[in-house]
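Subject: Structure handover

Hello,

Here is the structure I promised to pass on. Please open it alongside this email, as the notes below go through it piece by piece.

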Amino acid sequence: MPRPALSRGETQVLKALWALEKGSVGEIHAAVPAELKMDYSTVQTYLRRLLTKEYISAQRIGRNKVYRPAVNKSEVVGEAVDDFLDHMFDGQLLPMVKHLVDSRTVSDEELQDLMRIVEKLRKDSADGNG
């Protein structure tokens with residue numbers, strides 16, 4: 001069964017926790033980017049929601065809880081991208097890639113990375129791995 005979706009706020013708190021690897025509410029609050037202007041109690045609320053959704057775990061140490069990610073970032077990103085691809089592009093990769101390339105400026109470095117990816121896909125396909 002897929003995990004419940006994350007709100008933007010939950011995602012920001014989870015990203016802060018991934019960066020820390022573990023932390024108290026105060027430590028996680030301090031790690032959330034200041035421009036988000038997220039107060040301490042909001043971080044607490046998001047942590048409770050993330051616990052309920054099983055994205056994080058908590059362990060009581062003394063009077064404090066220490067939170068840890070229960071899922072890795074690449075797993076959550078993969079699920080979000082797959083869900084987005086299914087909902088917005090009917091599961092078709094090429095229209096999504098085309099949209100991303102057409103709607104943004106692609107740097108020379110990014111273009112080189114894309115070309116390396118395509119070449120790897122070609123090689124893997126020719127080798128029977130794709």
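What follows is a short tour of the surface, the pockets, the salt bridges and a few backbone points. Please keep in mind that this is a predicted model.

**Nonpolar patch**

Start with the surface. A nonpolar patch there covers about 860 Å². Its members are L93, L94, V97, V101, V106, L111, L114, M115, I117 and L121. Two elements give two or more residues each: helix 5, residues 93–103, and helix 6, residues 108–126. Helix 6 has the largest share of the patch, with 5 residues.

Patch membership asks for over 30% relative accessible area, and no salt bridge.

**Second largest pocket**

Stay in this region for a moment. The second largest pocket has a volume of about 390 Å³. Its lining is made by L93, L94, M96, V97, K98, L100, V101, L114, I117, V118 and L121. Helix 5 and helix 6 are the elements that give two or more residues to that lining. Helix 5 gives the most, with 7 residues.

The lining has 10 nonpolar residues, no polar ones and 1 charged one. Compare the names with the patch: L93, L94 and V97 are among the patch residues, and they are also among the residues lining this pocket.

**Largest pocket**

Now move to the other pocket. The largest pocket has a volume of about 680 Å³. It is lined by 21 residues. Those nearest its centre are L6, T11, V76, A80 and V81. Helix 1 (8–20) and helix 4 (73–89) each supply at least two lining residues. Helix 4 makes the largest share, with 8 residues.

**Salt bridges**

As a reminder, side chains of opposite charge can pair when their charged atoms come close. The structure holds 8 salt bridges. Here are some to look at.

- R116 pairs with D113, with the closest N and O atoms 2.4 Å apart. Both residues lie in helix 6, 3 residues apart, or about one turn of the helix. D113 is partly exposed, because its relative accessibility is 34%.
- R122 pairs with E119, with the closest N and O atoms 2.9 Å apart. Both of these also lie in helix 6, again 3 residues apart, about one turn of the helix. R122 has 54% relative accessibility, so it counts as exposed. E119 has 44%, so it counts as partly exposed.
- D124 pairs with K120, with the closest N and O atoms 2.7 Å apart. The two are 4 residues apart in helix 6, so about one helical turn separates them. K120 is exposed, because its relative accessibility is 52%.

There is also a network. Salt bridges that share partners join R3, E75 and E79 into one group.

**Backbone and loops**

Which residues other than glycine have a positive phi? E21 is one, with phi near 80 degrees. K37 is another, at about 50 degrees.

Both sit in loops. E21 is in the loop between helix 1 and helix 2. K37 is in the loop between helix 2 and helix 3, the latter spanning 40–52. Are these two buried or exposed? E21 has 60% relative accessibility, so E21 counts as exposed. K37 is at 75%, so K37 counts as exposed too.

**One last residue**

A30 is found in helix 2, residues 25–31. With 63% relative accessibility, A30 counts as exposed. How far is A30 from R3? The two are 27 residues apart in sequence and 27 Å apart in space, C-alpha to C-alpha. R3 is the arginine of the network with E75 and E79.

That is the tour.

Best wishes

Technical notes: Residues numbered from 1 in each chain as written. Predicted model: local features only at pLDDT ≥ 70, side-chain atom pairs only at ≥ 80, totals over all residues. Heavy atoms only, no water. Patch = residues over 30% accessible without salt bridge, like charges linked within 9 Å, V, L, I, M, F, W, Y side chains within 5 Å. Areas by Shrake-Rupley, 256 points an atom, 1.4 Å probe, with all protein chains shown as cover. Salt bridge = Lys/Arg side-chain N within 4 Å of Asp/Glu carboxyl O. Buried < 20%, exposed > 50% of the residue type's maximum accessible area, 1.4 Å probe, protein only. 1 Å grid on protein atoms, 1.4 Å probe; cavity = no way out; pocket = protein on both sides within 12 Å on 5 of 7 lines; lining within 4 Å. Points joined across faces, edges and corners; volume = space filled by probe spheres on them. Nonpolar A, V, L, I, M, F, W, Y, C, P; charged D, E, K, R; others polar.
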